[in-house]
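Please read the numbered points with the sequence and the model in view.

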Amino acid sequence: MTKIPQDVSDLPYAHALEPGPSPLRRDWNYDLCHFESADERDTDAGSSRFTECAFESAQFDTMRLRRAKFTDAWWRGSRVLSTDIAESEWLDVTFISSALAGIEAFNTQLRRVVFQRCKLDAVNLRGAYLQDVVFEDCILRDVDFAGAKLLEVKFPGSALRGAKFDKAKLARVDLRDATVVEVVDGYQNLRGSTIDSGQAVELSADLAHALGIKVEDH
């Protein structure tokens with residue numbers, strides 16, 4: 001795995017960053033902006049484009065970012081709460097020690113995105129497309145992947161609790177290093193993922209139930 005920049009000074013574009021404006025605006029281009037300790041609440045920045053931007057200790061609460069585009073963006077120590085990012089696009093984006101809760105993220109596209117030491121709580125990723133996405137040492141609680149497509153997705157050191165995979169399509173999804181795999185819907189849609197032998201034993205009863213297999217001792 002490529003080394004993840006842990007500090008804003010580690011970014012290749014750090015020298016060119018300038019303080020980001022506030023409040024954010026809809027359908028706007030934000031290039032090389034540093035949003036340090038930004039506090040955006042009930043703001044509409046839908047369809048805006050963020051390129052080579054850093055978000056540090058920022059808080060976005062009840063934001064509207066539908067159809068926004070984030071390219072080469074870096075987030076650390078930030079909170080994104082009750083925010084609509086549906087139909088948005090994320091390319092080469094990193095989240096470090098951040099929290100996302102109550103997020104509407106259906107039909108989003110995530111490519112080459114890393115979540116490291118993050119908490120995702122009640123994130124709606126229905127119908128989303130995830131390619132080359134890594135959840136490293138994260139807690140994912142009640143994350144909904146229903147109808148989503150996951151390609152080359154990994155969960156090293158992460159705990160999935162209450163995950164939903166109904167009608168999801170998985171290809172080369174690696175769950176072997178996840179610390180917890182708790183699925184509440186869509187066990188039959190885990191085809192295309194890889195689990196280890198210990199996880200297979202833990203999931204066997206639920207998998208059998210999902211496949212209509214009765215497990216009954218004499």
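1. Helices (H or I, at least four residues) and strands (E, at least two) are DSSP runs, numbered from the N terminus. Glu52 is located in the loop that joins β5 (49-51) to β6 (54-56). The model is a predicted one, in which local features need pLDDT of at least 70 and side-chain atom pairs count only at pLDDT 80 or more, while totals for chains, interfaces and linings use all residues. Residues are numbered from 1 along each chain as its sequence is written, and side-chain values use heavy atoms, with hydrogens and water left out.

2. Glu52 is partly exposed, with a relative accessibility of 28%; buried means under 20% relative accessible area, exposed over 50%, and partly exposed in between (1.4 Å probe, protein chains only). Contact is defined as heavy atoms within 4.5 Å. Leaving out residues up to four places away in sequence, Glu52 touches Tyr13, Leu17, Leu32, Cys33, Thr71 and Asp72. Between the C-alpha atoms of Glu52 and Glu104, which are 52 residues apart along the chain, the separation is 24 Å.

3. A nonpolar core is a set of buried Ala, Val, Leu, Ile, Met, Phe, Trp, Tyr and Cys residues joined through side-chain atoms within 4.5 Å. The largest such core has 56 residues, and Phe55, Phe70, Trp75, Phe115, Phe135 and Phe165 have the most contacts inside it. Another core, of 10 residues, lies apart from it and includes Val8, Leu17, Ala54 and Ile96.

4. Thr94 belongs to strand β11 (residues 89-96). Its relative accessible area is 11%, so Thr94 is buried. Beyond residues up to four places away in sequence, Thr94 touches Ile4, Ala73, Trp74, Trp75 and Val114.

5. The cysteines deserve a separate remark. A disulfide is counted when a pair of cysteine sulfur atoms lies within 2.5 Å, and the count by this rule is zero. For Cys33, the nearest cysteine sulfur, that of Cys53, is 4.6 Å away. The closest cysteine sulfur to that of Cys118 is in Cys138, at 4.8 Å, which is too far for a bond. Cys33 is buried at a relative accessible area of 9%, and Cys118 is buried at 2% relative accessibility.

6. How many cavities of 30 Å³ or more does a search of the whole structure find? The search finds two. On a 1 Å grid over the protein atoms alone, a cavity is a set of points where a 1.4 Å probe fits but cannot get out, and lining residues have an atom within 4 Å of a point. Grid points are joined across faces, edges and corners, and a volume is the space filled by probe spheres set on the points. The largest cavity has a volume of about 100 Å³, and β11, β12 (99-104), β13 (109-116) and β14 (119-124) each supply at least two residues of its lining. The second largest cavity, of about 40 Å³, is lined by Phe60, Leu65, Trp75, Val80, Ile85, Trp90, Phe95 and Leu100.

7. Ser22 and Pro23 are joined by a cis peptide bond with omega of about -5°, and Pro23 is in the loop between β1 (18-19) and β2 (29-31). Although not a glycine, Asp137 has a positive phi of about 55°; this residue lies in the loop between β15 (129-136) and β16 (139-141).

Note on methods:
1 Å grid on protein atoms, 1.4 Å probe; cavity = no way out; pocket = protein on both sides within 12 Å on 5 of 7 lines; lining within 4 Å.
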